[in-house]
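We will go from one selection to the next.

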Amino acid sequence: MITKHILLSASALMLTSVAFGQIKINTKSVGAAAKAVKAVTLSNDDVIAYTKEYITWMDENNPVAPDDDELAIRLRKLTENLGTYDGLDLNFKVYLVRDVNAFACADGSVRVCAGLLQTMNDNEVLGVIGHEIGHVKNTDSRDAFKSALMTSALKDGVTSQGGTAAALSDSQLGDLGEQVANMSFSRKQESAADDYGYQFLKANDVNPWFMSMAFERLVELSGDSSDGGFTKKLFSSHPDTQKRVDEMAKKAEKDGFEKPVRTN
Ligand SMILES: [Zn+2]
């Protein structure tokens with residue numbers, strides 16, 4: 001696996017084996033992160049408003065794939081019927097970074113990293129997207145973001161506004177990025193999101209075996225430690241991956257689906 005950072009040029013984007021940089025989540029360390037927060041109440045609407053500011057910052061500070069990029073075209077095709085799903089308004093973008101990762105925010109923004117698209121086939125990517133949408137639907141994303149807001153150095157800004165969503169400074173958003181990147185979901189939340197992803201595949205006429213197969217790819221990747229710990233990081237927020245492979249496989253078997261042969 002390639003670990004060096006390069007700058008992307010328009011022509012480099014045409015190659016399938018481009019070495020992307022890493023996802024940018026913050027610009028400095030957070031001294032105030034450990035501060036305890038009391039008595040701050042934020043409404044769900046406030047949290048969503050902050051989420052929108054956060055994702056705008058993320059989009060401005062990460063290399064979003066242009067419309068004519070092949071990975072952007074691929075994701076667009078894959079998600080063309082997913083503008084709304086299960087009562088959520090969704091929007092999708094590719095980040096041209098090498099992380100094997102994807103995330104979804106409470107406002108319905110789904111971001112898929114190039115590393116994931118290069119690692120998984122379309123059906124497996126859909127499984128991961130379904131899993132992430134599950135976190136939104138189950139309000140895991142909102143709850144985690146809210147606690148990141150409360151524990152980050154944003155605290156002062158948030159309280160001084162009396163709980164009303166305020167414009168965040170660049171460095172506040174950087175601080176928040178670290179908090180969000182460090183957040184992890186419980187085993188129970190992950191299982192629920194896996195189940196959601198499984199149903200999501202079925203609802204989209206995809207063999208739900210691909211949920212298990214997507215995690216299988218991650219297990220395979222974990223054998224490759226040459227990526228500077230990235231894969232490890234992904235695993236630390238998604239523990240027990242092999243167990244999840246098995247659980248999703250068992251479910252698909254029980255539902256009478258036949259395991260597809262992986263062709264790519
Ligand atoms: Zn998850």
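Contact here means heavy atoms within 4.5 Å. Keep in mind that this is a predicted model.

**Stop one: Asp194.** Select Asp194, in helix H8 (residues 187-203). Now show what surrounds this residue. Leaving aside neighbours within four places in sequence, Asp194 is in contact with His131, Met211, Phe215, Arg244 and Met248. Look at His131: its side chain makes a polar contact with the side chain of Asp194, at 2.7 Å. Is Asp194 buried or exposed? Asp194 is buried, with a relative accessible area of 1%.

**Stop two: salt bridges.** The model has 15 salt bridges. Start with Arg111 and Asp59, whose closest N and O atoms are 2.9 Å apart. This pair links distant parts of the chain: Arg111 sits in strand S5 (residues 109-113) and Asp59 in helix H1 (residues 44-61), 52 residues apart. Both Arg111 and Asp59 are buried.

Next, select Arg74 and Asp122. Their salt bridge has its closest N and O atoms 2.6 Å apart. Here helix H2 (residues 70-78) supplies Arg74 and helix H4 (residues 122-137) supplies Asp122, 48 residues apart. Arg74 is partly exposed at 22% relative accessible area; Asp122 is partly exposed at 31%.

Select Glu216 and Arg262, which form a salt bridge (3.8 Å, N to O). Glu216 lies in helix H9 (residues 209-222) and Arg262 in the segment after helix H11 (241-254), so the pair ties together parts 46 residues apart in sequence. Glu216 is partly exposed, at 23%, and Arg262 is partly exposed, at 28%.

Note on methods: Residues are numbered from 1 along each chain as its sequence is written. This is a predicted model: local features need pLDDT of at least 70, side-chain atom pairs count only at pLDDT 80 or more; totals for chains, interfaces and linings use all residues. Side-chain values use heavy atoms; hydrogens and water are left out. Helices (H or I, at least four residues) and strands (E, at least two) are DSSP runs, numbered from the N terminus. Buried means under 20% relative accessible area, exposed over 50%, partly exposed in between (1.4 Å probe, protein chains only). A polar contact is a pair of N or O atoms within 3.5 Å; within protein, one must be able to donate a hydrogen and the other to accept it, and residues adjacent in sequence count only if both atoms are side-chain atoms. A salt bridge is a side-chain nitrogen of Lys or Arg within 4 Å of a carboxyl oxygen of Asp or Glu.
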